[in-house]
Amino acid sequence: MKVGSIGSFLSLFLIVGFLFVGISRLHPVGEPLGNRDVFKDRNSLVTDTSNVDTMDDYFLRNGQRETGSNNIVASVVFDYRAFDTLGEATVLFLVVSSISMLLYTALKQKKMVLELKDPETGFPKNMTRIVSNGAYLMYPMILAFGVYLVAHGHISPGGGFQGGAVMASGTALLLVSSYITNHIKNTYKIFSFYESLGLTIFIGLGFAGIGVSFLFNFLADFSPLFLGRIINLGPNPGFLNSAGILPILSLAIGIEVFFGLSIILVSLFHLSRKEENTLQKY
Amino acid sequence: MGNYFLYVTVVLLIFIGVTALLYKKNLIKIVIALNIVESGLNLFFLTLAYRPGGTAPIFTLAPGLEELKMVLPTPQALILTNIVIGFATSALMLTLAIMTYRNNKTLDIQKLRGVEDHD
Amino acid sequence: MIKHIPILLIAIPLLAAFMLPIIGRIGIKVRDLVVLMVLLTVNFLLFYIIPEVALNGKVMYYVVGAVDPSALHPESLGFPIRIVLKIDGFSLFMGIISAVVALSAFLYSQSYIKNDERKSYYQILLMLMLVGMLGLELTNDLFNFFVFMEVLSISCAALVAYNTEERHPPYAGYKYMLISAIATSFLLLGIGFCYAQYGSFNMDYIHSKMQHNLIDKMAMIFMIIPLAMKAGAIPMHMWVPDTYSEAPAPVTAMLVTASQASLYALFRFSFSLYGNPVSSVSINYNTLGWIIITLGVLSMFIGVTMALVQHDVKRLMAFHAVSQTGYMLLGVGVGIAVYAAADGGSSFNAYGKVAMTGGIFHIMNHAFYKGLLFLTSGVIVRRFGTRNLDKMIGLAHRDTFTAVAFIIGAMAIAGIPPFNGFASKILIYESVYKFSPLLSVIAMFVSVLTLASFVKVFYSAFLGPRRDDLIVDKSPLPFGMKAGMGILCVLVVLLGLFPDVVIETLVKPAVSALVTIR
Amino acid sequence: MITSAIFIILSVVVLVTALLSLYFRDLLAAVVSYSVMSLVLTVIFFQLDAPDVAIAEAAIGAALTICIFVIAIRLTRRREE
């Protein structure tokens, strides 16, 4: 015990000391590596790597032309470092699988009857009519906002993760305002099917480009009609049908994140509901 | 310290989080502490990418090319990944904490310490 | 197609894992067959590239998503912009270990894990664990490494807690996840420091630009110590016995390999990211080597002494895992200590290289025999319904196969000649003796203690009168469990009989991949 | 100069809420405090010209994380012993 507390104090001291020394040697805030004038003479259409000496400058300077996406962050997430995104989607899938596995026995132990609707009024229990109706009305709007974020990921701030997370927060709203479905098993099956589907689309698109290389953006200059629209370089309003496979990847991630997070929320919430019911019984 | 206050915030956040990780005994409190450390890391990466007076790396509605100065895009992309990973980690840890509570009726590390001595 | 092999190794198991919830609805047989086929494919691909990578010494690069996947960076640009996968000798060596152990763990768990709906989740997690290991072994990108580290640790933590209805496994899983989360957080901090310095995540690029200034050294500390923690070296070994003993047996066999993957990363970072002994501003290799040697000797000694007093068969084996990690650290540590010695590399060529060969060969041997021992411990625990050694007796009358497998594993871990433990330990003894005789003596002494403690286990569990009343599970040993143990048994014996072949084909390329600079 | 002042104020708020979330013995209060921290961090991220990250942090850090924390507290116990 004594040795442990001394060791932990020492390690804490060391970590903080190292960190303070480290930040005093780092570049000052606001002056990262790279060239400030990356956009000088930018309208030349050949690949231009003069004046570029870091990875980020390359993305800023050539990202828009190479991927056709106005949002450079989206082009990094879904094109240049799409493999990381695949890994991240794997992490989410992994956690969903683990939570389903860990809670499987607990959720299956006793048959549970969810009496969510009050038989007299027809509205959910525990919540006033205003809350439940308000949640019910807000849910489509939250979904619409999430879908907007997903669909416009390559034009404006947003993308698969953000949109999926916003949609999943809608699910959370429905859950806390008691609109939980009675057919939890069916819900669960459908959700996990769509989650797998989203991931399969993602990795399938990766395999589709394997003639060149895995996750190659093969639609970027495939056809101007289908997701290959050539955009003006520099500031522009942006078009939905540009950027190649980027919007599809974003959509796949959106589906995966929405259904994955929803599964996590539904199973945890279901467990808590069940415990309450058991408590009330005894 | 002048220019370094964002870095200092990062270090203090990590310091607070690690202190709590070492000295807190409650399983859920530990998860909160871990999330605070992760927030510090997120802030660290975004601070690395920051350029004062710049714009977000999005060309829609950006000002003209002449004075365009953008923040670096890669750290933002990485932090997106890290946020989702952090959420996933804390969801798993909370589930495990719930299972621990169901089986042992306690969330205290010191009471759980006897757990490993069994045959 | 051969140029796509690095990505296929990761993408095929990923695709299968993603499809598994859908495939599982078609039928259980189909699902099992798919998983088996995927694992066999991964093994086949890894063995298929042995001639090219290990024998010809070619390094395979794969740039994910680029127009030309084998061109490291766009023309007229001096640095890579995309994620690069890289297979050299060491990656291939570790990949083969992971894939083989995963295959035998899968075969074993086909009979060991009860066949219900949770099993498809179990298989998903097992496959993603393999993906995590392969990913972090093949990648050449720091952030990608972090992501796969997370994949690995989350799947491990969930699998450790597989028996949720028992008292202890959820807490063991929580502990493992906490340790991993702390480790990966600090790893990310170190990666952030590297990025702030060099504006890139590519290991080779950072290595070529490395300035070895203060921030680099701090980044190294923030990256090496978490990895040592995850590998289970001594000051941070507290989680090892808890997690190893609570997990199901096949998962424990995989966990050993997962720890070896962290060890791989430790060696990889200290050589391929920071190693440049020729440069005058480099880190002090002698000091680093002695730190690693000290860690190794402490791990060896404390691990084995803790193991001697245990009465729980799985905890005993877990402490031996800590102890055996010490041998690898000792071997490679000696290599590092003489890596940049002032004599122009003569002592490195004389014995440092042999020590590293021994240390790295021991990784493979340890993964195989420790996996085998944990698999047999699964049989023992299932037969007696308890992990307490005092309540076991006379299993050899009933389970001859398990007894033979256990003897093979025990003799291998103690370093008795015809088995593989001897082959790597003799290399370590010989070369370490030239470096410092005392260390060599300690290593031999630890081996003797290891033998003593395994004799104890064998005596209490397998020998003695036949007592059928103590045995809970009386069913005959299923084929899957036999197959899982059989593969590892054969490998242990083969590696012991023909160590030269393996050393020449796999271990020497692995060592030369690490020390290319000299 | 204005941005510096904003950053300093927001940083102080973040640190205070982080401390509070570890200080409260009532776990629910701690979680709410953590949520406030996430929300303020969102503003900082937006000030750092990272709208993508800000949206993600708002949706995940400030909404969904809190949701699962609250469920976990409901399933265990509310007071820290």
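Read along its sequence, chain A follows the pattern α-α-α-α-α-α-α-α. Keep in mind that this is a predicted model, in which local features need pLDDT of at least 70, side-chain atom pairs count only at pLDDT 80 or more, and totals for chains, interfaces and linings use all residues. Residues are numbered from 1 along each chain as its sequence is written, while chains are lettered from A and ligands numbered from 1 in the order in which they are written.

**Chain A on its own**

- Chain A has 8 helices and 0 strands; helices (H or I, at least four residues) and strands (E, at least two) are DSSP runs, numbered from the N terminus.
- Of its 282 residues, 48% count as buried (buried means 20 or more other C-beta atoms within 10 Å of a residue's own, exposed means 12 or fewer, and partly exposed lies in between, with C-beta atoms placed from the backbone).
- Among the contacts in chain A with a separation of 6 or more, 69% come from residues 24 or more positions apart; two residues are in contact if their C-beta atoms, placed from the backbone, lie within 7 Å.

**Where chains meet**

- Of the 5 pairs of chains that touch, chains A and C have the most contacts.
- Here, 50 residues of chain C are in contact with 49 residues of chain A.
- On the chain C side, α1 (5-26), α5 (118-138), α6 (142-160), α7 (169-198) and α9 (214-231) each give two or more residues, and α6(C) supplies the largest share, 9 residues.
- That side of chain C divides into 36 nonpolar, 9 polar and 5 charged residues (Ala, Val, Leu, Ile, Met, Phe, Trp, Tyr, Cys and Pro count as nonpolar, Asp, Glu, Lys and Arg as charged, and the others, Gly among them, as polar).
- Chains C and D, on the other hand, do not touch, and their nearest C-alpha atoms are 14 Å apart.

**Helix pairs inside chain C**

- The axes of α13 (residues 313-337) and α14 (residues 346-384) of chain C come within 7 Å and cross at roughly 170°; axes are lines fitted to C-alpha atoms, for helices over the stretch in contact, and angles run from 0 to 180 degrees between N-to-C directions.
- α13(C) and α14(C) are therefore roughly antiparallel to each other (under 35 degrees is roughly parallel, over 145 roughly antiparallel, 65 to 115 roughly perpendicular, and the rest oblique).
- The residues of this α13(C) and α14(C) contact divide into 16 nonpolar, 9 polar and 3 charged.
- The axes of α4 (residues 89-112) and α19 (residues 499-514) of chain C come within 7 Å and cross at roughly 135°, so α4(C) and α19(C) are oblique to each other.
- In the contact of α4(C) with α19(C), 8 residues are nonpolar, 2 are polar and none is charged.
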